[in-house]
Amino acid sequence: MSISTAEWQIDGDLTLAPSQTTIMGTVSVEGALTTSALFDVSTLEVEQYATVTAGIGVHHVSQTLEIWGTVSPLGTVIHSGSNLVGLLFNASIEMTGASVGLFGAVGRRIVGSFTFSGGALGLGSDLEIDGDCTLQSGALTGFGGVLDVGGTLTINGMTSIVPPLIRCAGNFFAVRSF
């Protein structure tokens with residue numbers, strides 16, 4: 001079953017129970033959304049102090065992923081858009097073909113793994129990844145930001161003229177010159 005609408009605006013608390021549900025369209029959350037459903041949306045916006053808890057599986061966001069609150073999908077989020085903003089992301093995230101700039105005074109944290117391929121990643125603020133990080137086939141630029149990886153960092157096919165400061169608590173693998 002799919003729940004499809006042009007736009008979801010959740011100002012209070014909403015719980016959706018069906019586990020075989022896919023939420024489609026644009027989702028904006030100012031309160032709390034708890035669901036066992038999967039997301040296949042163009043835009044997911046979670047305002048400050050808002051929370052989203054979603055089902056186990058693979059979630060897709062095709063355009064904007066704007067997170068100021070807390071998102072806890074129990075699985076992987078695949079983001080193929082151009083906007084990633086967030087404070088705390090409790091999941092693994094994959095980004096493909098996106099150009100992303102992280103700027104501002106607030107750092108970003110991904111509790112899980114992070115895979116980035118085929119785009120440009122600019123770090124003007126800190127990006128903390130608790131799990132493993134894989135950067136492949138793109139460009140990495142530091143604008144004063146720090147890439148802080150708690151697990152293994154693998155860089156394959158990335159170019160960087162001005163790399164960010166990189167901290168890696170696990171193993172570091174780089175293919176070719178970086």
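## The loop at Gly69

Gly69 sits in the loop that links β6 (51–67) and β7 (70–79). In this predicted model, Gly69 is buried because its relative accessibility is 6%, and the cut-off for buried is under 20%.

## Partners of strand β6

Strand β6 pairs with β4 (residues 32–35) in the parallel sense, over three bridges. Within this pairing, Leu33 has Val52 of β6 as its bridge partner.

Strand β5 (residues 38–46) also runs parallel to β6, and six bridges join the two. Thr64 in β6 stands opposite Thr43.

## The aromatic pair

There is one aromatic pair in the structure. Phe114 and Phe116 form this pair: their ring centres are 6.2 Å apart and their planes meet at 35°, so the pair is described as tilted. An angle under 30 degrees would count as stacked and one over 60 as edge-to-face.

Are these two residues buried or exposed? Phe114 is buried, with a relative accessible area of 1%. Phe116 is also buried, at 0% relative accessibility.

## Confidence of the model

The average pLDDT of the protein is 78, and 77% of the residues score at least 70. Of the elements, strand β19 (residues 165–168) has the highest mean pLDDT, 94, while strand β9 (residues 88–89) has the lowest, 58. Where pLDDT is low, the predicted coordinates should not be read in detail.

Notes
Residues numbered from 1 in each chain as written. Predicted model: local features only at pLDDT ≥ 70, side-chain atom pairs only at ≥ 80, totals over all residues. Heavy atoms only, no water. Phe/Tyr/Trp six-rings, centres within 6.5 Å; stacked < 30°, edge-to-face > 60°. Buried < 20%, exposed > 50% of the residue type's maximum accessible area, 1.4 Å probe, protein only. pLDDT = per-residue confidence, 0-100. Helix = DSSP H or I, 4+ residues; strand = E, 2+ residues; numbered from the N terminus. Pairing = 2+ DSSP bridges.
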